[in-house]
Each structure stands twice: as structure tokens, then as C-alpha cells.
Amino acid sequence: MRRLWKGNYALVEGAIAGGCEAYFGYPITPQNEVTEYMSVRMRELGRVFLQAESELAAINMVFGAALTGKRVMTTSSSPGISLMQEGISYLVGCELPCVVVNVQRGGPGLGNIQGAQGDYFQAVKGGGHGDYKLFVLAPSTVQEMYEMTKKAFNIAFKYRNPVMILTDGVLGQMMEPAEIEESVKCKGQSVREIEDLGWNLTGCKGRVPRFIRSLLMGEGELEDHNYKLQEKFLKMKEDLDYEEEGAEDADVILIGYGLCARINFEVYTTLRKKGLKIGYLRPKTLYPFPERRIRELARRKKKFLVVEMSCGQMVEDVKLSVNGESEVYFYGRPGGGVPEVEMIINKIEEIIR
Amino acid sequence: MKRKILISGFGGQGIMVAGIVLGEAAIKENLEVTFFPSYGAEMRGGTANCKVIISNEKIGSPNFKNPDVLISMNQQSFDRFSKDVKKGGIVVFNSSICKAGNVSGVNVYGIPANEIAEKVGSLKSANMVIIGYLLKIDGFLDIEKVYDVIGIVFSKKKEFIDINKNALKEGYNYGKESSFK
Amino acid sequence: MKFKIPESLKPVPNHYCPGCGHGIIHRIMAEAIDELGIREKVIAIAPVGCAVFGYFYWNFDTAEAAHGRPPAVATGIKRVLPDRIVITYQGDGDLAAIGGNELLHSANRGENITILFVNNACYGMTGGQMAPTTPLGYRTTTTVNGRVIDDGYPLKVCELIKDLEGVGYCERVSVEDPRNIMKAKKAIKNALKCQIEKKGFSLVEFLSMCPTGWRVSPVEAIEVVKRMKEVFPIGVFKSKL
């Protein structure tokens, strides 16, 4: 049944439906509802909830739980995610699966608590030290806050890599109709039995002891490890996801993710009604990025307008994908500003003219 | 059909609940809806507001600057937001504790929501009084659907269901009886 | 007489410097684990510091943690696997400087984990810089004329945490001679018993030798540890056993 759901609550239900067995978090606006609701839901289901003393501690508690092969998650917002970067780098280095949610707010620094998209680079280009990638999902609706969080755990385990859900304060705070499985509301679902995944630490009963580390000092050892990781990051393309409408016959294609994609869609429908050949493309995964599809469209000389709640970050990936084959334009607002339909329409009219 | 509604007032006046009632009723009519609350530091100091968009098409951003409809539950809200209302838009205000200031190009309606609410049994239902009144002025939602969702929204506070339904009805009837400007 | 290698230690040579205390502490930790029969339940965390390669020597499941974060990592493990025995092995920089917050809060939560804290009064791995536990007057590569008050006072970890309600066992020992080594082993067993009996957070602090960091001979290092006791008195600070 469709009911009004708040994005942050839908995210929690998604995590629970995805089998999240442990949650560690620290309060920060605009994602406090996640930590609060988790404290209720995880405890009533007999799963693990702990409010950490800092984001540093939270991500390292995630690291600890992930070592054992459990499904574990943390959530935060931009400044807190910055604090977690060290831990995320270690998680990737040690090939540990987990889910990290960034309900983005305005930056840099303490910034503000409005929704923003200033952490795109941090999310898709690594973020911490070393050569690495996260699998990055970008929900656009409250329904997707649920669906993508649910799905994120399987992806994390498939690749033994952290998955980041990159969303923002608007999607976290807003409510809209969503269909959330009622079955997960029943009590008494507890943590699954511990299983041997071939790599997890559970105590060495009946097998030789294992160790998990990211320090590789032997000659060439770290280089080899990096090649192995890179192969994995490439393989993630198997789970690439995007949606598009009207791109085939479009002159100008709007590209945006998360909240901006919703605004783009409104622009797209408005202008199509006026007979303008506008297309709409939304990456649902930010890494891997739909670069092949964008290049294909660029070769057919379609122009692109990238819309972001930042001064322009994803636009760089669009430009890399287009690779000079066509023109790429940008419209964005940083620091919590939300792009308006009218401004995007003006920009398109400029491009067409 | 598209309405951007800003509901604003003191914390405790049921601002958020009013938005949720409109939202759930919109779902009953198979309309698209978004609800966006003020949050964090914005909520400190006792004011609250929420933004509701109801439309028959997919909704982009749930946030907006210029509402079609302002529901102003106190004076501060009227003073702060009435100038943002779109030309030809509607301002409904709680005349029990709020006076209409000077605004041009919009339609302004007052209702003594507190008195009516107290009469039906609880001052807390002033939010429903004003929702009822709004829907008489601008029938973008079927009032019957709103009655239906009150039972759902207040399912954990059963004693308030009837009071809120009555408050809604009184507000709606107040609209029937008074002649609009 | 031939020394038998404990099952909890791998039969491999270690990389520690002559006169270093880590080898001794590894051994008594391994013996304590064997004697309690918990090897197959142990999940240990190696620190960033000289003992980072602990997993090459310890014959039980081990992970490595970021600098200072072992108590948080241990918390994550213990919360999802409460019947496993979770041990962190940390140096003074790791535990008392960069990891001070994780130490304080895991202790205060009464996290049912055991911390083996090796205090050798310097950063051994990075070349003998001042540690939070360096006594006043001690020369290090960042206090070449000796630590002065401006550099801060030596941090007394056992004294700091003993009054926290979550702490179940807390003892300071030293490992410079056989008598003290035997006492240290007993302390480890007590700390692990505290965890097994779910009596809360347990910590053993070892005053240990770092001849390389201190620029002294192994024999002189023994004397240094004896002098350290004037600043860091040994003994049981708390026991709920």
C-alpha cells in the first residue's frame, strides 16, 4: 500500500529488508532520523545497534563487524563522511563489504544542513588515500531510498567492497508515497547464523587461522593487490544502472542524479509538451558510470546539459565520457541551493539558440 | 492540477500533521505528492513549517520559494511568508491569533481556528479546522478523502480521531457560511 | 630443558629488535590463551606500530586496524560475535595518543574486550619519538634534551580509566625479569577471565623495553624499565573478578 514515507525512514527499512545485522552511527543533521529509527528497529529485531562516540569510531566498528562477515552499515552526512574516509580506505584495502550512506549537506567545512551534492568527487573518485573506488548508488525517490539500500548489501558482498549510497538532505527529509514491504515489520527476525565465507574472521575453530590486513610490505605485493582491486572495480560494470527517456531523438539531453534528476524530469516533460526535443538521462549508479551510453549519444552529436547541486563535479565525468565528441553545458547551485525548473529551461533555450 | 502549499506556525500547532493529512489524502486520490519539513536548527526557537506539493504529474524538487497556498497559523508566519505567495494565490490565516497584514495580489481568508477548535473539543485540532476551511475555498482535494485519512494518520491517538474529523467539518462549514472576498 | 612453543604462537622467528619486550609479551599472551583453552575463539587486533605484524606470529584469527582504532574495531567484532574472545594489542602511541578517544569510550561502555597495552615510553616503529607515556626528562628524537612539562606530562592510562564503571579489570605490570614476566602472564589471564565472565572492559599495561628507541643496550633497557616504575607504579588498579 502506498503511504507517505520519509526518505530517512525508508532507508532504514531498506537496510533491514537487505539483512543489515549491525548498525553503528553518530548523530548529524540531516540524517538523525536514520540513527534514531535504527535504534528502535534494530533492537526490536534483536540486531545490533550502537551509537558510537564519533564517526571515526563508527566506521571502525563497521570495520570490526565487517571482518566477521556480518552485514553492517553506517550512515552520516558530509562532515561525518569526511571523518570516515580513513576507515573507508582500510575497508577497501582489506576487501570488506559494508554499506555507507551519505545524506549530503552543504559544504565545505561545517557548511549548512540543506541538501547538497558537493561530495560527488569524494564518493566516486575514492575519497580517502590510495587508488580505489566505491560502488556508488544514487537514489532519486523515497522508494529508491528503500530499494537501493536493500540492494546495496548484496552488491557489497558480491564485490567484497564498501557500497556508498549518495543521497542528500532533501531526499532524506522529504516524504512521498512509497511502497515498503510490510513483511519486514514483523518482530523476532534476528541475526543470521554465522557462516564461513572463506575469508571472514570467526575464530579459527576447525581451520587454520586467518588474518585480514591492508599492510603489504613485500616487494611488488601491494602493486599486485592494487591490480587485483582495479580488476574488481572494472567488473562492477556488471551492475551499472541508469535510466533514460527521449534520448534517441533528442537534441539536448539533461543529465543529473538524485534530486536533480527529479527536477530534470520535470523540465523534460514540460519542454517535450512544447515540442522541444529534449532527452533525460539519470545515472542510478555513479560508479560505475554510464560512460559508454553517453559516448554513444555524443557521437550522434547530441548536446548535454548537466544539472547538479554543486559547482560542477559529475559534469567532469560527463565530459570524460563525451570525450570531445559533442558539447557539454552545466548548470548548478552549491551550498544547499536547489536548481529551479525555470533556470534550467532558460539554459536549454540558450543552448538551442 | 498542481498546488504548492506552505503550512507554517508554532511548534505544537500540528503543522507537520496538517501537511501529512493533505499528503495522505492526495495519495487516496491517486495524485503525486511530496512533503518537505523544516528541520534541524530551523526548528529551534519554536517555529515550524512544511511544504506540500500535490500534482497530477511527477514532482521534481519538494522545496519551493513561492507557494500557491499559504496556511498561516500565527502572526510570524503571515509576516514572513505572505509576501512570497504567488500572484492570485491564497493565504488562509488563523484569525484567533493573527491579523492580516498588507499583501497585494493574493486572496486572504481568515478563520478563528482556535475558537472553533476549542468548541469541538481540543485546541490542538485548529490545524484541521484550517485545512477544512482551505478545502472549501480551494477544492483541490475531496474533503471526504481527508475524513478517511484522519483515521489512518491518528491511528495511534484514537481519542483524537473524532475531534479532528469534527474540526475538519467545522472548518469546511465555516467556509460554506461565510462569503468570500 | 627445551621450551615448548605454545599452540597460539606460530613456530617462526620474529622481527623484533634484541632486547625488545614484544617477543616476551607475545609468548605470555599465547601461553595464557592456551591455558584458558580459548585459542579457537580468539579474534585479535594488531595495532599500527612495531606489533603490526602480530598476525605473522599469532596462531589465531587476527586483523589489522587503523592507527588508534583497535578498541572501535574490537567493539564491532564483539557486538556481532559476543561469545568470541576479542583482544587488541596496542602500543602507547596507538592507544594513548591517537586512540585516546576510542580507549576512553570503549572502557566507559564496559565493552567486553581485552586490551593488552604495551607501554615502552616511545614510538618504536617510527624511530623513537616522544610518546604520551614518555616520562619527564627522557630523551627521544622529538625531545632531544629530554621531555619537559611543555611537552605534557606522562599519561597514566591505568589511573585514568580505573574509576570508570565499565572497567572490570585493570593492572599494570612489567616484563624486565622472570618474576615480573610471570606476574604479567597472570595479569593477562585475569583480564581474559574478566572477558570470559562478561565482567566488562579489561586492560593490562606492560612496562616494556625498547632499547632501539631509547638508544641503550638491552641490559641497560632493563634498568630503564625499573626506573619507569617510579612514574608508573605497577599493581592491580581494579578487579571485579
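Two strands count as paired if DSSP finds at least two bridges between them, and strands (E, at least two residues) and helices (H or I, at least four) are DSSP runs numbered from the N terminus. The model on display is predicted: local features need pLDDT of at least 70, side-chain atom pairs count only at pLDDT 80 or more, and totals for chains, interfaces and linings use all residues. Residues are numbered from 1 along each chain as its sequence is written, chains are lettered from A and ligands numbered from 1 in the order in which they are written, and side-chain values use heavy atoms, with hydrogens and water left out.

**First stop: the sheet**

Select β1 (residues 42-46) and β3 (residues 85-91) of chain C, which pair in the parallel sense over 4 bridges. Within this pairing, C:Ala44 has C:Ile87 of β3(C) as its bridge partner.

**Second stop: where chain A meets chain C**

Select β9(A) and β2(C), which pair in the parallel sense over 2 bridges. Here A:Phe211 has C:Thr62 of β2(C) as its bridge partner.

Widen the view to the interface, where 34 residues of chain C are in contact (heavy atoms within 4.5 Å) with 35 residues of chain A. About 2800 Å² is buried between chain C and chain A, 64% of it on carbon and sulfur atoms; buried area is the accessible area (1.4 Å probe) that two parts lose on being put together, summed over both.

Which residue forms a salt bridge with A:Glu86? Select C:Arg69: the closest N and O atoms of this pair are 3.7 Å apart. A salt bridge requires a side-chain nitrogen of Lys or Arg within 4 Å of a carboxyl oxygen of Asp or Glu, and the count between chain C and chain A is 3.

Colour β1, α2 (54-57), β2 (61-64), α3 (70-80) and α5 (100-108) of chain C, the elements that give two or more residues to the side touching chain A. Among these, α3(C) gives the most, with 7 residues.

The buried area is about 2000 Å², of which carbon and sulfur atoms give 58%. Select A:Arg2, A:Leu4 and A:Met175, which supply 27% of the area that chain A buries against chain B, more than any other three residues.

Then select B:Lys2 and A:Glu266, whose side chains meet in a salt bridge (3.0 Å, N to O).

**Last stop: the whole assembly**

Show every chain. Of the 2 pairs of chains in contact, chains A and C share the most contacts. Chain B and chain C do not touch, and their nearest C-alpha atoms are 27 Å apart.
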